[in-house]
Amino acid sequence: MGNPIKRIGILTSGGDAPGMNAAVVSVARSAALYGVSLVGIKRGYNGLLRRSAQLADDAVELDLDTVLDIADQPGTYLRTARCEEFLDPAWRAKAAQHVRDMGIEGLVIIGGDGSYQGAMRLCELGVPCVGIPGTIDNDLAYTEMTLGYDTAVNVCVDAIRAIRATSRSHDRPAVVEVMGRNCGDIALKAAVSTGAEIVIVPEVPWHIDDVADRLNRLIARGNNRVTVVVAEGAYASMAPFDVYGFLTARGKQCYPGEGISALRLASILKRKCGMVEARSTVLGYVQRGQQPAAYDSAFAFEAGNLAVRLLLAGDSNRVVGIRDGRIFHMDITQALAERRAFHRELYDLVNEL
Ligand code: ADP
Ligand code: F6P
């Protein structure tokens, strides 16, 4: 392939996601194939600001030998971080200049919605960018799946199956909190995949009394080992409920989501449903720091190559995704303008069956 571009960069940004390293390896292999050098930018957009004492702390040459070992590893070899300064146009202008100073002619940016906002701004400053959707949250509307989501769901499924085995053994319900920020996809998919009887998500407003009623109905039907899967972002969509007052018998004014947690949700449900015990588990970072499952590894393989080909073809300001099960790309601005459609019917089915 004859191409005018000789040097590209790559960074990972936002929360780490399983498959980020595999995507970096795919980009590195593609760069080597097409005769392009590759610079790894460290700690998301921070590396572009070049504030470290040593340049090597901000950017490293990525040769194939360096990256081939990391494909299956959890986490991100390039490190990741949030970067508040990148919200400031003055810092972004400096970053764009540093990109040019390093001789980088195009950037592959692996991250979620926020990282894409940053990429879009860099594009506006004349830095060609291609995005790979790296986040466990699955909160980007334009793609059916984000990189890391499938692995995170599989982790939740393994954990919930284990928790359900103990719930069954002890005849007690369980509350399991999963990640996803403002998106309920991990919770819904994990609930559907494990047969969990109640799912609570940010997209659907809910009241703790309705959850208790559902649990009471299930108990009356003979199921006292119910699993409640709650998305971490769902506390914000909970109708006001006096959590402290209920648990301490001292009532006070309350606001949506105030004082609630998986632990307290389990305690409240236990009391409202007259159960002897109800346990809670917060899955947290175990969902992120994982070796990628096959789906994410395969996605990373294709996405990394497509990203490099797009940059070399001068077809930048694009994002890579999956539609109808196949890899595709589209304009970053249009992608970010798309709105997610939550699978409400599936949610209702979980909570009604
Ligand atoms: P994710 O990419 O997983 O959604 P964040 O929302 O934390 O993660 O965003 C990651 C980083 O992207 C932020 O720390 C910031 O550096 C950059 N970013 C987020 N939003 C914007 C924005 N509106 N403009 C420019 N950069 C942004
Ligand atoms: O975006 C990925 C994610 O894991 C979200 O699910 C979660 O809300 C957030 O990152 C947690 O971020 P932090 O790395 O700051 O704990």
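Trainee: How does the lining of the second largest pocket divide into nonpolar, polar and charged residues?
Mentor: You get 8 nonpolar, 3 polar and 4 charged ones. Here Asp, Glu, Lys and Arg are charged, Ala, Val, Leu, Ile, Met, Phe, Trp, Tyr, Cys and Pro are nonpolar, and the others, Gly among them, are polar. This is a predicted model, where local features need pLDDT of at least 70, side-chain atom pairs count only at pLDDT 80 or more, and totals for chains, interfaces and linings use all residues. Residues are numbered from 1 along each chain as its sequence is written, chains are lettered from A and ligands numbered from 1 in the order written, and side-chain values use heavy atoms, leaving out hydrogens and water.

Trainee: Which residues lie nearest the centre of that second largest pocket?
Mentor: Asn138, Glu144, Tyr149, Asp185 and His343, out of 15 lining residues. A pocket is an open set of points on a 1 Å grid where a 1.4 Å probe fits, with protein on both sides within 12 Å along at least five of seven lines, and lining residues have an atom within 4 Å of a point.

Trainee: What volume does the second largest pocket have, and which helix gives the largest share of its lining?
Mentor: Its volume is about 310 Å³, and helix H7 (residues 185–194) gives the largest share of the lining, 3 residues. Helices are DSSP runs of at least four residues, strands of at least two.

Trainee: Where does the second largest pocket lie?
Mentor: Between domain 1 (7–148 + 292–337) and domain 2 (150–288), because both give residues to its lining.

Trainee: And the largest pocket, how much space is in there?
Mentor: About 650 Å³. Of its 32 lining residues, Gly14, Arg82, Gly114, Ser115 and Arg181 are the closest to the centre. Helix H5 (residues 113–124) gives the most to the lining, with 6 residues.

Trainee: What kinds of residues line the largest pocket?
Mentor: The lining has 12 charged, 12 polar and 8 nonpolar residues. Domain 1 and domain 2 both contribute to this lining, so the largest pocket lies between them.

Trainee: New topic: what's the phi of arginine 50?
Mentor: Near 50 degrees, a positive value in a residue other than glycine. Arginine 50 is in the loop between helix H2 (46–49) and strand S3 (59–61). It counts as partly exposed because its relative accessibility is 31%.

Trainee: How about aspartate 324, where is that found?
Mentor: In the loop between strand S10 (318–323) and strand S11 (326–331). Aspartate 324 has a positive phi of about 50 degrees, although it's not a glycine.

Trainee: Is aspartate 324 buried or exposed?
Mentor: Exposed, because its relative accessibility is 69%. Buried is under 20%, exposed over 50%, partly exposed in between (1.4 Å probe, protein chains only).

Methods:
Grid points are joined across faces, edges and corners, and a volume is the space filled by probe spheres set on the points. Domain bounds come from an automatic or database domain assignment.
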